[in-house]
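Work through the exercises below with the sequence and the model open side by side, and try each task before reading its solution.

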Amino acid sequence: MCLSACGQQSTVSFEKDVHPIISKHCVECHLKGGQGFEASGFLVESYDSVMKGTKFGPVIVASDPLSSSLYRLVAGEVDESIRMPHGKDPISEKEIATIERWIEQGAKNN
């Protein structure tokens with residue numbers, strides 16, 4: 001993906017930029033009672049719950065998208081059988097780039 005090298009230096013906001021993507025693609029399964037939440041414990045209702053991660057550990061490593069399982073799962077850098085959102089159309093490249101840039105910028109709650 002072409003991020004900082006392409007002049008996209010604006011700060012990515014969790015609330016304005018990332019949370020709407022997560023709400024659009026992830027809440028169906030990752031709210032309390034959802035299949036994804038039941039399987040992994042990953043809850044996407046707030047910044048704090050996203051940063052908490054799953055019952056297996058964090059899904060975000062601030063400043064390191066490639067070590068962040070959330071990024072790897074939505075970017076398709078994993079086996080197709082576990083790509084997220086599971087069983088649905090992939091998240092757009094623009095949305096994936098937004099998540100990647102947010103993580104690169106430190107995954108801050110802004």
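**Exercise 1.** Find which backbone oxygen lies 2.7 Å from a polar atom of the side chain of S40, and then describe the surroundings of S40.

*Solution.* Begin with the side chain of S40, a polar atom of which lies 2.7 Å from the backbone oxygen of G36. Next, turn to the backbone nitrogen of F42, which lies 3.0 Å from a polar atom of that side chain. This is a predicted model, in which local features need pLDDT of at least 70, side-chain atom pairs count only at pLDDT 80 or more, and totals for chains, interfaces and linings use all residues. Residues are numbered from 1 along each chain as its sequence is written, and side-chain values use heavy atoms, with hydrogens and water left out. Then place S40 in helix α2 (helices are DSSP runs of H or I, at least four residues, numbered from the N terminus). Finally, setting aside neighbours within four places in sequence, list H30, T54, K55 and F56 as the contacts of S40 (heavy atoms within 4.5 Å).

**Exercise 2.** Decide whether S40 is buried or exposed.

*Solution.* Take the relative accessible area of S40, which is 13%, and compare this value with the cut-offs: under 20% is buried, over 50% exposed, and anything in between partly exposed, using a 1.4 Å probe and protein chains only. S40 is therefore buried.

**Exercise 3.** Identify the residues of helix α1 that are buried, and state how they are arranged.

Notes: Helix = DSSP H or I, 4+ residues; strand = E, 2+ residues; numbered from the N terminus. Arc of directions from axis to C-beta. Polar contact = N/O pair within 3.5 Å; in protein donor to acceptor, adjacent residues only side chain to side chain.
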